[in-house]
Amino acid sequence: MRYSTIFCLLTLVVIFLGGVVLSIGQMKSTAHASLNSSHAQISQRIDESVTLLESLAELPEFYDPDVAPIKKVKKLDQMAPNYGYMMICYVDDDILVYSDGDEPASLASRDYMQRLFSTGRKQVTDSFAAGADGVTLNYTVAVPLKDKNDNITGCLFCAIYFDEIVEILKDSSGTNNAETTLLGSQGQIMSSTEDLPYGDSIMDEFKKMTIFGTTENRLEEELLSQKPGSYWSFKGGSLRYTVYQRVENTGWDILCSVNVWTIFGEILPSLLLVAGLTVLLCLGLIFVMRRYINRQMQVVDALVDSVNELEKKIYQDQRPEKRDFNEIIRLTSDGLTDSLTGVVTRAVFLKHAAAQLEKADPVLLSALCFVDMDNLKYINDTHGHSDGDVALKSIGYILREYEKRYDGVVGRYGGDEFILLMTNLDDEAELNSILDELVLRFHSEVGSAGHSIPVQCSVGVAIYRPDMELEQLIADADEALYFVKQNGKGYYKIHENGERR
C-alpha cells in the first residue's frame with residue numbers, strides 16, 4: 001500500500017509538472033495572439049480616423065477659408081456621433097477651433113497643433129485631459145486642410161474616446177487570457193488591463209521584475225527605436241512572457257504579457273481529468289495486488305485476526321491520558337485595512353511602523369508624516385459626503401504610492417487624518433524634495449461626476465532618532481502639524497530635536 005501510494009503521488013506530480021511545461025510552451029502563442037488582436041483593432045481605428053479626415057479635407061467646403069466656419073461645424077457635428085467620435089472639429093489657419101454655438105478658442109498652445117501647422121503632417125496624440133472639466137481623457141487624430149496651392153488653411157481633428165481604447169484592450173486580453181498595456185510616446189502608461197498606474201513610466205514597472213536575456217535600458221532603447229520584440233521576466237512569484245510592437249502612425253507601443261499560471265489554469269481541467277483517471281488506475285492496481293497478496297497469505301490469516309482483535313481491545317479498553325492538539329490559526333485581512341482608502345488601520349500601522357523602524361538602516365534617514373485634509377468638511381457640506389469619500393480615496397492612493405516607493409507604511413489615523421512612515425532616505429535634502437512634491441500633489445483637484453473637487457492637505461513631519469519611541473515620533477509630527485494648521489495650512493513643517501523648523 002505504501003509503495004503503491006508513493007507511485008501514485010509521483011505520477012500525479014509528473015502530470016502537473018508536465019502541465020507547467022506545456023503552459024510555458026503555450027505562453028508565446030497566447031501573447032502573440034493577444035498582441036495581434038489589440039494591435040489590429042487599435043490600428044484599424046486610427047486608420048479609419050485618418051482616412052475619414054483626409055477624405056473630408058479634400059472637399060472645398062472644408063479647406064476653403066471663405067466658407068463660414070459655422071457651416072463646417074454644423075456638418076461635422078452631425079457626422080461625429082455616426083462615426084463614434086467624441087467630436088470632429090474644424091480649426092482655421094489662426095489655430096482657432098470652432099464649435100457650434102460657442103466662440104472660437106485658441107489651440108495654439110497645443111504641441112501637436114504646432115507640429116501640424118509647421119510640418120503639414122497628420123498628428124496622432126497620446127491620451128490627454130481635455131474639455132471644460134479638464135479631466136476627460138481622449139486621443140486626438142488631426143490632418144491638415146490644404147487649398148489647391150498646397151497652402152495650409154486649417155485642419156480637421158477628431159477625438160477618440162479613451163474608454164473605447166480601454167475596451168479594445170480588455171476584449172483582446174480577455175479573449176486570450178493575457179494582460180495588455182498601451183504606452184504613450186514618452187514611455188508612459190496610458191491604459192493597462194493590469195491596473196498599472198496611469199501616467200507612470202513603464203521603466204518603473206521594469207524595475208519591479210527580474211528580466212531574462214536583456215536589461216531595462218536595452219528594452220527602453222528598443223521601444224524608442226520602434227522595434228518589435230519580446231522578453232521573459234519573473235514578477236510576483238510568476239514567470240511571464242511579454243511581446244511588444246509599435247502602433248503605426250502613432251507614438252504608441254502595445255505590450256502583451258502572459259502569466260504561466262493563467263495558462264496553467266486553462267489546462268488545469270484536463271490535467272485534473274488525467275489525474276483522476278490515474279488515481280482510478282492506481283486504485284485498480286492496488287485492488288489487484290491486494291487480492292493477489294491475500295491469496296498468497298492465507299497461511300497467516302489467523303495471525304492477522306489475532307492482531308485485529310488485539311488492536312480492537314487496545315482502542316476500546318484504553319484511552320490516552322492526554323491529547324496534544326496544535327491550534328490552527330487562520331489569518332485574514334478583514335478589519336486590517338480601511339475599506340474606503342485602502343490603507344491599513346491605525347492599530348495595524350502602529351505595529352508595522354514599529355517593525356519597520358527596527359529593521360531600518362540607522363545610517364539612513366527615516367521620517368514620519370502626519371497628514372491632515374484641510375477642507376473635508378467644506379467638501380462634504382458643499383458637494384456631499386460621496387465626493388468627500390472620493391477626495392479621501394485620492395489622498396490614500398497618493399500615500400500608498402509613497403509607501404511603496406520609500407519602503408514604509410501608511411495608515412488612516414482618524415476621519416481625515418493619515419500617517420505615513422518612510423524609511424531609508426539618503427538625507428534631509430531628499431526628504432525636503434519628497435515633501436515638496438507630496439504637498440504639491442495634495443494641492444489639486446479631483447474629478448467626480450462631471451465636476452472638480454478641490455483638495456488640500458497640511459503635513460507635519462518628524463525625523464526618527466535611534467533612541468526615539470514610535471509614540472514620541474508621532475507626537476512630534478502631530479505638534480508640527482498643529483503649527484501648520486495654525487499658520488496658514490496647505491504646506492509642511494519638520495519637527496526635529498524638540499524644535500519646529
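What follows is a short exchange on a predicted model.

Reader: What should I know about the model and its numbering?

Author: Residues are numbered from 1 along each chain as its sequence is written, and side-chain values use heavy atoms, with hydrogens and water left out. In this predicted model local features need pLDDT of at least 70 and side-chain atom pairs count only at pLDDT 80 or more, while totals for chains, interfaces and linings use all residues.

Reader: Why does Gly25 count as exposed?

Author: Its relative accessibility is 56%. Exposed means over 50% relative accessible area, buried under 20%, and partly exposed in between (1.4 Å probe, protein chains only). Gly25 therefore counts as exposed.

Reader: Where is Gly25 found?

Author: Gly25 is in helix α1, residues 2-57. Helices are DSSP runs of H or I with at least four residues, strands are runs of E with at least two, and both are numbered from the N terminus. The C-alpha atoms of Gly25 and Val260 are separated by 9.4 Å, though the two are 235 residues apart along the chain.

Reader: Why are α10 and α14 called roughly perpendicular?

Author: The axes of α10 (residues 346-359) and α14 (residues 470-486) cross at roughly 105° and come within 10 Å. Axes are lines fitted to C-alpha atoms, for helices over the stretch in contact, and angles run from 0 to 180 degrees between N-to-C directions. Angles of 65 to 115 degrees count as roughly perpendicular, under 35 as roughly parallel, over 145 as roughly antiparallel, and the rest as oblique. So α10 and α14 are roughly perpendicular to each other.

Reader: Which residues make the contact of α10 and α14?

Author: Leu350, Ala353, Ala354 and Leu357 of α10 meet Leu470, Leu473 and Ile474 of α14. Contact means heavy atoms within 4.5 Å. By class there are 7 nonpolar, no polar and no charged residues. Ala, Val, Leu, Ile, Met, Phe, Trp, Tyr, Cys and Pro count as nonpolar, Asp, Glu, Lys and Arg as charged, and the others, Gly among them, as polar.

Reader: What lines the largest pocket?

Author: There are 15 lining residues, with Pro197, Asp200, Lys208, Glu401 and Lys404 nearest the centre. A pocket is an open set of points on a 1 Å grid over the protein atoms alone, with protein on both sides within 12 Å along at least five of seven lines; lining residues have an atom within 4 Å of a point. The lining divides into 3 nonpolar, no polar and 12 charged residues. Its largest share, 5 residues, comes from α12.

Methods. On a 1 Å grid over the protein atoms alone, a cavity is a set of points where a 1.4 Å probe fits but cannot get out, and a pocket is an open set with protein on both sides within 12 Å along at least five of seven lines; lining residues have an atom within 4 Å of a point.
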